[in-house]
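These are my notebook entries on a single model. I set down what I looked up, in the order in which I looked.

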Amino acid sequence: MSQPHSIPRPLVRLNQWTILLSVILTWVTGVFWILAIPLVANILGVLCNFNPIIRVGKLFLKKVPSTYIPEDAQQQKFNSSIASFCLAGGILGFLLKWQVVGYVFTGMVAIASSIAIAGFCIGCFLHFQLKQWQYRRSLKKAL
């Protein structure tokens with residue numbers, strides 16, 4: 001039986017920190033294009049299974065990747081989709097001079113990444129709830 005594909009936790013944390021720090025830098029400097037760094041990285045991760053932030057971070061791991069606590073790659077892809085949506089919404093809001101929209105979207109992704117860094121993954125919780133809903137729906141269709 002093959003194990004599901006996973007990502008070492010330090011690499012997931014690196015991605016979360018990159019998102020959080022890019023939002024903070026954007027708020028402090030007003031340069032909203034900083035958000036493009038985690039946006040492009042996460043979109044590449046979702047669409048091409050290649051997140052440059054995680055790939056570069058992998059070079060700095062001190063141990064073999066399999067010795068770290070694993071994070072489910074499918075859940076991380078789901079989380080990256082949500083983060084990409086919020087980052088894109090933030091960039092679009094700032095680009096169109098809709099400051100409130102920019103701050104709301106970047107605020108949501110900053111809060112989510114902060115909470116994830118602290119140990120609770122909102123995206124993982126949403127992913128689990130979605131899977132539960134799909135399962136219950138499939139049971140109803142089978143009847």
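Which residues is Ser80 in contact with, leaving aside its neighbours within four places in sequence? I found Asn15, Asn42 and Val46, where contact means heavy atoms within 4.5 Å.

**Basis.** I note that this is a predicted model, in which local features need pLDDT of at least 70 and side-chain atom pairs count only at pLDDT 80 or more, while totals for chains, interfaces and linings use all residues. Residues are numbered from 1 along each chain as its sequence is written, and side-chain values use heavy atoms, with hydrogens and water left out.

**Ser80.** I located Ser80 in helix 4. I recorded Ser80 as buried because its relative accessibility is 11%; buried means under 20% relative accessible area, exposed over 50%, and partly exposed in between, with a 1.4 Å probe and protein chains only. From the C-alpha atom of Ser80 to that of Ile91, eleven residues along the chain, I read 16 Å.

**Overall layout.** I counted six helices and two strands in the chain. Read from the N terminus, the order is β-α-α-α-β-α-α-α. Helices (H or I, at least four residues) and strands (E, at least two) are DSSP runs, numbered from the N terminus. Along the principal axes, the C-alpha atoms fill a box of roughly 50 × 45 × 30 Å. Of the 143 residues, 36% are buried. Among contacts between residues at least 6 apart in sequence, I found that 70% join residues at least 24 apart.

**Largest pocket.** I looked up its volume, which is about 930 Å³. A pocket is an open set of points, on a 1 Å grid over the protein atoms alone, where a 1.4 Å probe fits, with protein on both sides within 12 Å along at least five of seven lines; lining residues have an atom within 4 Å of a point. Grid points are joined across faces, edges and corners, and the volume is the space filled by probe spheres set on the points. The lining has 44 residues, and Ile7, Ile54, Gln76, Lys77 and Ser80 lie nearest the centre. Helix 4 gives the largest share of this lining, nine residues. I sorted the lining into 25 nonpolar, 15 polar and four charged residues; Ala, Val, Leu, Ile, Met, Phe, Trp, Tyr, Cys and Pro count as nonpolar, Asp, Glu, Lys and Arg as charged, and the others, Gly among them, as polar.

**Nonpolar cores.** A nonpolar core is a set of buried Ala, Val, Leu, Ile, Met, Phe, Trp, Tyr and Cys residues joined through side-chain atoms within 4.5 Å. The largest has 15 residues, of which Val23, Leu35, Leu87, Ile91 and Val109 touch the most other members. Helix 1, helix 4 and helix 5 each give two or more residues to this core, with the largest share, five residues, coming from helix 4. Apart from this core lies another, of seven residues, including Ile7, Val12, Ile54 and Tyr68. For Leu87, beyond four places in sequence, I listed contacts with Val23, Leu35, Pro38, Leu39 and Val109.

**Glu71.** I placed Glu71 in strand 2. Is Glu71 buried or exposed? Glu71 counts as buried, at 13% relative accessibility. Not counting residues up to four places away, Glu71 touches His5, Ser6, Ile7, Arg9, Val12 and Gln76.

**Cysteines.** I found zero disulfides, a disulfide being a pair of cysteine sulfur atoms within 2.5 Å. Cys48 is partly exposed at 49% relative accessible area, whereas Cys124 is buried at 13%.
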